[in-house]
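Hello,

Here is the structure I promised to pass on to you. Please open it and keep it beside this email while you read.

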Amino acid sequence: MIKASEDNEYYILTSPTILPKASGFLWNEKMMIQLNCRGYATSQFMQPEPAKYSHAPNLEAKSFMQPEQPYYAHHPGRFVYVKDETNGRIFSAPYEPVRAHADRYTFAVGKHRIVWNTESDGVAVEMSLSLPTEDAIELWRIKVKNVSTSKRNISVYPYFTVGYMSWMNQSAEYNEDLQAMVCSSITPYQKYKEYDKIKLLKDKTYLLAEQKPYAWEASQEAFEGEGGLARPSAIENEALSNGDARYEMPLAVLQYRMELEAGEEREYRFLFGPAKDEDEIAQIRQTYFTATYANSENGFDKAEREYAEYVSEGQGCLEIRTPDADFDNIINHWLPRQMYYHGKTNRLTTDPQTRNYLQDHMGMSYIKPLIARGSFLTALSQQNADGGMPDGILLHEEAELKYINQVPHADHNVWLPICINAYLDETNDYSLLDEKVPFADSEELVTVSEHIDRAMQYLMKDRDERGLNYIHQGDWCDPMNMVGVRGKGVSGWLTIATAYAFNVWAGISEASGRLEAGKAFRLAAEETNAVVNRYLWDGDWYIRGITDDNVAFGVKEDKEGRIFINPQGWALLSGAADEEKKEKLIRSVEEQLETPYGVEKLAPSYTAMREDVGRVTQKHPGSAENGAVYNHAAAFYIFGLYAVGEKDNAYRLLRKMIPGPNHEDIVRRGQLPVYIPNYYRGAYHQFPRTAGRSSHLFNTGTVAWVYRCLIDGLFGLQGSPAGLQIKPQLPTHWQEAAVKREFRGARLTIEMKRDASVQATEVYLNGELVESGVLERLQSGAEYEVLVKLPQQ
């Protein structure tokens with residue numbers, strides 16, 4: 001029922017009910033759409049702020065994507081009704097809204113295309129979606145085939161929801177000249193000064209048909225009638241009524257009547273999306289359905305081809321073959337795609353959180369490093385001269401800091417050296433550090449090195465008398481907003497992360513010839529780690545923080561929120577945890593935080609508001625930051641485990657991030673293994689019935705860190721100024737693995753094998769032993785054969 005296609009281009013589900021929320025997503029830099037196996041859709045486009053063109057049936061709040069998206073009968077979707085004109089039977093593809101039993105069904109999530117095949121009562125419907133590379137348009141192909149042995153007389157109704165567009169003004173009608181359903185609205189506003197903005201918005205939604213329909217309907221109410229969505233009254237008639245919608249809920253439904261001989265197939269193509277006016281819709285028709293090119297390729301076909309090429313550009317720098325084929329599949333085919341989405345779109349927002357922006361482009365360092373380089377410079381140009389980073393990075397001249405970015409968070413500075421370090425490892429482009437960049441509040445122009453020096457010095461100063469970093473209204477954990485609201489509370493995690501950032505920046509400074517700076521930051525790291533162990537060690541793990549009232553939390557005495565994962569993983573990275581502390585905290589994590597679905601962010605989950613911690617404690621137990629298997633935090637911990645050589649623990653938890661491989665695990669999570677979600681439900685011991693469920697939210701900083709775990713940890717193929725360091729940490733139950741690694745333009749084919757004749761790892765480059773394990777002077781464009789002999793465990 002759940003499998004990868006033979007060419008690994010698709011992941012296939014053969015039931016619409018076993019994983020009812022299973023979904024895939026497509027994107028370009030103007031839009032995103034997530035579609036599930038039953039036909040429900042969540043989509044948005046940029047103009048330049050996020051907007052909808054297929055709305056819910058009620059007034060929606062404008063907010064970012066939500067986890068565990070609830071689906072309901074009138075949820076926005078893309079469907080096809082099919083009616084047998086002889087006997088009146090009706091079914092719908094891909095499954096909703098009729099929910100008729102399908103004789104055959106597949107949902108195939110592809111890298112650049114999503115395809116449904118539904119067969120019922122001798123009629124097969126194939127629906128496929130792709131996107132252009134630049135325009136906010138859905139490209140739909142709908143094929144209808146008579147798979148019975150007799151002639152069939154049927155009507156086919158492509159049904160695209162439009163929903164509640166505006167309480168001010170909404171309507172819809174069929175435009176014969178455009179051959180399109182055109183739904184119009186005016187974005188609601190109150191202040192007259194807003195008119196200058198809203199008058200430029202794309203407030204029309206269209207369904208543009210290549211072939212002229214037999215009939216149509218524009219009113220949701222008229223279409224449904226008394227039959228509802230399961231059997232709309234309008235379909236009972238020979239033809240739709242060709243109605244319009246006048247300040248009524250609009251929709252776009254077309255009718256095509258056809259006689260199909262046995263084996264005969266018809267194909268229909270549609271464009272669905274937003275537009276400013278009918279002139280724009282006319283131009284879209286011309287571009288996609290009329291224009292032809294030298295090779296007889298029309299605009300629609302050209303757009304599909306170019307989109308496939310666009311997505312294929314998001315290749316990672318690793319291709320692996322291990323004893324776990326399912327692990328290989330997501331790492332080779334889906335993880336780099338998800339990283340590419342983040343780096344190319346910036347999560348489709350004009351003000352991404354600074355921490356997200358930096359970490360997403362850390363991931364881009366492995367795919368398109370020039371994009372990562374430019375993004376780091378953009379972020380630094382918005383730093384203040386005192387070293388403080390903003391809560392969000394503005395990507396458009398009219399962009400403003402919104403939502404969470406209006407709340408002061410204390411952690412943004414630490415990500416600068418940590419994320420840039422991955423870029424330097426991958427590219428050796430230390431010239432980045434000499435680039436001169438302005439500040440947001442000063443005309444002063446200084447080097448990147450000076451910018452990051454000031455960021456680190458800012459962290460040194462933003463501390464209490466003990467040397468612990470203030471949390472303000474949150475750190476990496478956004479909703480931990482009341483720990484330091486009066487300016488006294490501190491973050492245990494941030495203090496530990498600051499020590500790690502100091503060490504990372506010290507290493508970068510030393511590698512770039514700034515030896516005195518390197519020495520100073522190493523000393524700062526040592527002093528910070530000493531403070532960490534003086535005030536934050538609780539006997540078996542590190543505490544999460546100390547409130548404005550000087551109350552430590554994340555401690556043994558706490559009945560809820562007793563232990564948090566982040567301080568533990570980062571203490572491994574910073575060097576705060578010595579061997580004894582390392583063993584204790586790892587054991588504590590295993591006993592209290594580890595579940596079959598990964599490691600929880602905290603435990604036990606909070607079940608009631610704790611006013612000195614904040615709104616994180618109000619979230620449902622086991623969801624999001626309140627004790628979910630929050631994969632971003634889990635990835636930090638895994639990276640920390642690799643940093644101290646805990647390879648088996650690290651791989652065990654890494655593998656738990658990915659649904660499967662067994663059928664029961666995939667069903668439990670409710671998600672296909674085509675992306676790593678923001679979280680799986682936690683509170684495993686408190687609420688086991690719901691534990692493991694996927695959030696289905698693919699926006700997450702997890703993916704860049706997982707890739708870094710692979711590069712620096714599992715396969716140990718990390719760049720350095722000297723070259724490529726080979727230091728694998730394969731789990732002990734793997735006898736071998738193979739990796740193709742792209743590195744600074746060189747292509748390496750690497751075989752890793754356990755060998756009873758060696759006592760320590762040995763590296764051979766083109767048959768020659770490399771004593772240091774570092775491959776130096778690799779040439780761009782050259783190919784190399786590498787053999788790594790690993791001792792038996």
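Below are some notes on a pair of helices, a pocket and a cavity. Please keep in mind that this is a predicted model.

Let's begin with the two helices. H7 covers residues 354–364 and H9 covers residues 415–427. Their axes lie 8 Å apart, and the helices pack at an angle of about 15 degrees. Angles under 35 degrees count as roughly parallel, so that is how H7 and H9 run relative to each other. The crossing of H7 past H9 is left-handed. To find the contact on your screen, look in H7 for Arg 355, Leu 358, Gln 359 and Met 362, which meet Trp 415, Leu 416, Ile 418, Cys 419 and Ala 422 in H9. Sorted by class, this contact has seven nonpolar residues, one polar and one charged.

H9 turns up again at the second largest pocket, where it gives two or more residues to the lining. This pocket holds about 760 Å³ of space. Its lining counts 30 residues, and those nearest the centre are Asn 421, Asp 425, Tyr 500, Asp 712 and Gln 718. Helix H11 (492–511) provides the largest share, six residues. The lining is made up of twelve nonpolar, 13 polar and five charged residues.

Finally, the structure has two cavities of 30 Å³ or more. The second largest cavity has a volume of about 60 Å³. Among the residues that line this cavity are His 55, His 74, Tyr 159 and Met 249. Its lining has three nonpolar and five polar residues, but no charged ones.

Enjoy exploring!

Best wishes

Technical notes: Residues numbered from 1 in each chain as written. Predicted model: local features only at pLDDT ≥ 70, side-chain atom pairs only at ≥ 80, totals over all residues. Heavy atoms only, no water. 1 Å grid on protein atoms, 1.4 Å probe; cavity = no way out; pocket = protein on both sides within 12 Å on 5 of 7 lines; lining within 4 Å. Points joined across faces, edges and corners; volume = space filled by probe spheres on them. Nonpolar A, V, L, I, M, F, W, Y, C, P; charged D, E, K, R; others polar. Axes fitted to C-alpha atoms, helices over the stretch in contact; angles between N-to-C directions. Helix = DSSP H or I, 4+ residues; strand = E, 2+ residues; numbered from the N terminus. Parallel < 35°, antiparallel > 145°, perpendicular 65-115°, else oblique. Left-handed = near helix turned anticlockwise from the far one by under 90°. Contact = heavy atoms within 4.5 Å.
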